[in-house]
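Colleague: Please put the model up. I would like to go through the terms used for it.

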Amino acid sequence: MKTRTSLLTTAVLVVGLAAGPSVLPAAASAPAASTVAQSPNTALEAAIAGLPSADATAALVRVGGKEGVWHGSSGVHDLRTGRPADPAARFRAGSVTKVFTAAVALQLAEEGRLDLDRSARSYLPDLIPASYDGVTVRQLLNHTHGIPAPDFPGTTVEEAYANRFRVHDPRDMVRSATSKKPEFAPGERQHYLNIGYTVTGLIVERVTHDSYERQVARRVLGPLGLRNTSFPGTNPRITGPHNHGYQTMRLDDGTTGLRDVSVWGTTDGWAAGDIVSTTADLERFTNALFRGRIVRGPLLEEMFTLPEVTDFRSGKPAAYSAGLSMKVLGGREVWGKTGGRWGYNTAIAATRNGSRTLVYSVNSTDAKGQDMNKTAETLMVAAYGRP
């Protein structure tokens, strides 16, 4: 195994620190990609070279499977010191949380404690109104439920940042969402939203008489030995070693620049998007999931079955199953899940037979932007090929 390190000259970036109004320049130079591989992979090395850049400050990558193993990291731990990014760092994995939630729900279905064709209201009659009586658990998992998003304060990243420490109760989020009219009749369209997984998390708690977090820990984290994966709860900090995340936004002096957003509450995501993990843990989880070690038999196929409906906004065929999504890359189906929290973009992906797996964390400077982060997109193409 070889390790390669060199210095790249980077542009000066203006950083507004979360801790105060001071503005700093980034270090004038930063480490290039540090790679560990069984064999060289020029495309993957090139995908994460040159960080920090305008799009990302760091990237951590693990590729595995029969087609070859490659590990790489690039960029900086933080812009203040410019020291190399920690390849074992923890990060916010965002909507990758949904895969864990779906896996637990499908385990409960396998045990006969949860019926995918039963209405969500039958499990939560005190919370789900009669207007949503037709929504089933399966529809919650594959985003065909028609429940709109709840209301949150603010519409801009600056307003979100001002409310970053607000604690959101999942039951209140469900009440906010279900107080509105359905977007469409259950099962007729698909609209990817967090709310279906918020409801699912509450159903998990109702049928197990336990917390959602403890159920994930007992059923997934513990058995797989995922010791660096956790749920932050109301703690807005990432516990343990982590690379800082930054977001482009308007700063206190009125200019636009990068602000350190590493400290940010995630209770708005909960069972849909608050998990913290590492690339090593997520790689282990992905391998176990695709090999049928977490969800077994026919119920695993729920995760690889797309509903035969069209997207609510685009009109394109549905792309989301129970927990996962599918894209055709390099002429073959690639299943997985992406996630975005401020400062962090994450993905797990694999071919159906697990011959090629990919896990990455990219410290994106616009992690919730409309377009996919350029570094993340280049990694996907390098690993699997073009759409």
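Colleague: Why does glutamate 67 count as partly exposed?

Modeller: Buried means under 20% relative accessible area, exposed over 50%, and partly exposed in between (1.4 Å probe, protein chains only). Glutamate 67 has 40% relative accessibility, so it counts as partly exposed. This is a predicted model: local features need pLDDT of at least 70, side-chain atom pairs count only at pLDDT 80 or more, and totals for chains, interfaces and linings use all residues. Residues are numbered from 1 along each chain as its sequence is written, and side-chain values use heavy atoms, with hydrogens and water left out.

Colleague: What makes arginine 332 and glutamate 67 a salt bridge?

Modeller: The term asks for a side-chain nitrogen of Lys or Arg within 4 Å of a carboxyl oxygen of Asp or Glu. For arginine 332 and glutamate 67 the N to O distance is 2.7 Å, so the pair qualifies under that definition. Arginine 332 lies in strand β15 and glutamate 67 in the loop between β6 and β7, so the pair ties together parts 265 residues apart in sequence. Strands here are DSSP runs (E, at least two residues), numbered from the N terminus.

Colleague: How do you know whether arginine 341 is buried or exposed?

Modeller: Arginine 341 has a relative accessible area of 5%, so it is buried. Arginine 341 also forms a salt bridge with aspartate 268, the closest N and O atoms being 3.0 Å apart.

Colleague: And why is aspartate 268 called partly exposed?

Modeller: Its relative accessible area is 22%, so aspartate 268 is partly exposed.

Notes. Helix = DSSP H or I, 4+ residues; strand = E, 2+ residues; numbered from the N terminus.
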